[in-house]
Amino acid sequence: MRIVLGITGASGAIFGIRTLETLHELGVETHLILSRWARTTISSETRYPVAQVEKLASFLHHQDNQAAPVSSGSFKTDGMIVAPCSMKTLAAIRHGYGETLICRAADVVLKERRKLVLLARESPFSEIHLENMLALTRMGAVIFPPVPAFYNQPQSVEDMVSHIVGRVLDQFGLDAAGLNRWSGFDAGCKNEPNC
Ligand SMILES: Cc1cc2nc3c(=O)[nH]c(=O)nc-3n(C[C@H](O)[C@H](O)[C@H](O)COP(=O)(O)O)c2cc1C
């Protein structure tokens, strides 16, 4: 399997890093593109040196390299994840404005009708953001804001991040190790309706 991963300058660089780590563990070929502002958020929000993140990728492409393989639909991939996805990149993808390689690669994934998963990160959302997300979902992209679940009883931020990343990888039929899935209430649980 081959997946393109874009990390943009929205808050939540750890979502991109954990996605990359998990894909690496699963033996998936990754094509990583970091935006200029992703380099800043990786440094300011995490303990990972950017160079260490880059080393986790099978292939690294500069955001200005429009000649990278992922810039063409003839280069076969199983899809793309943008984690996290800034509102700027979301807007550019919605409008087919491929100025950076992340936006061009996403445009290619859309035109080839491949899987595009966007971890859109902003709060609150403006009408512009919501309209862009609605348009993209209608085009077939999966809008996947990194919103934590609590049914898995996370004990740490790490747990929350891993659970979200596991659910993102579900979109590609990949099974992240240790993903705590909901499987219903235990028999006899007092909280179960009609129990
Ligand atoms: C620390 C920090 C946090 C940011 N968080 C967000 C965010 O959560 N969502 C967002 O849309 N933009 C956020 N931004 C602004 C983006 O980085 C900015 O719009 C940038 O131009 C996005 O470009 P890119 O999509 O090419 O990375 C943040 C910027 C900084 C410095």
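## A proline in strand 4

P84 is found in strand 4. Strands here are DSSP runs of E with at least two residues, while helices are runs of H or I with at least four, and both are numbered from the N terminus. The peptide bond from A83 to P84 is cis, and its omega is near -10 degrees.

Before going on, a word about what you're looking at: this is a predicted model, where local features need pLDDT of at least 70, side-chain atom pairs count only at pLDDT 80 or more, and totals for chains, interfaces and linings use all residues. Residue numbers start from 1 along each chain, following the sequence as written.

Six strands make an open sheet with the order 3-2-1-4-5-6, and the pairing is parallel. Strand 3 (59–61) and strand 6 (142–143) sit at the edges with a single partner strand each, so one side of each has no neighbour in the sheet. To count as paired, two strands need at least two bridges found by DSSP. In general, strands of a sheet pair through backbone hydrogen bonds, either parallel or antiparallel.

Now for strand 1. It pairs with strand 4 (residues 79–85) in the parallel sense over three bridges, and G6 has V82 as its bridge partner in strand 4. Strand 1 also pairs with strand 2, again in the parallel sense, over six bridges; here R2 is partnered by E29. Five of the six residues of strand 1 are buried, so this strand is largely enclosed by the rest of the structure. (Buried means 20 or more other C-beta atoms within 10 Å of the residue's own, exposed means 12 or fewer, and partly exposed is in between; C-beta atoms are placed from the backbone.)

Further along, strand 5 (residues 115–120) and strand 6 run parallel and are joined by two bridges. L118 stands opposite I143 in strand 6.

## Helix 2 and its two sides

Helix 2 has A38, T41 and I42 buried. These residues cover an arc of only 105 degrees around the axis, which puts them on the same side of helix 2. (The arc is taken from the directions from the helix axis to the C-beta atoms.) On the other side, R36 and S44 are exposed.

What covers the buried residues of helix 2? The cover includes strand 1 (2–7), helix 1 (13–25), strand 2 (29–34) and helix 3 (50–55).

## Around the ligand

The ligand is surrounded by 17 residues, and the closest are T8, G9, A10, S35 and M87. (A residue counts as near a molecule or strand if its C-beta atom, placed from the backbone, lies within 6 Å of it.) Helix 2 (36–45) and helix 4 (87–94) each supply at least two residues of this shell, and helix 2 gives the most, with five.

Most residues other than glycine have a negative phi, and most peptide bonds are trans. P124 lies in the loop between strand 5 and helix 6 (127–138).

R113 isn't a glycine, yet its phi is positive, at about 60 degrees. R113 sits in the loop between helix 5 (101–111) and strand 5, and with 11 other C-beta atoms within 10 Å, R113 is exposed. Q153, another residue other than glycine, has a positive phi near 50 degrees. Look for Q153 in the loop between strand 6 and helix 7 (157–170); Q153 counts as exposed, with 8 C-beta neighbours inside 10 Å.

How values were computed. Two residues are in contact if their C-beta atoms, placed from the backbone, lie within 7 Å.
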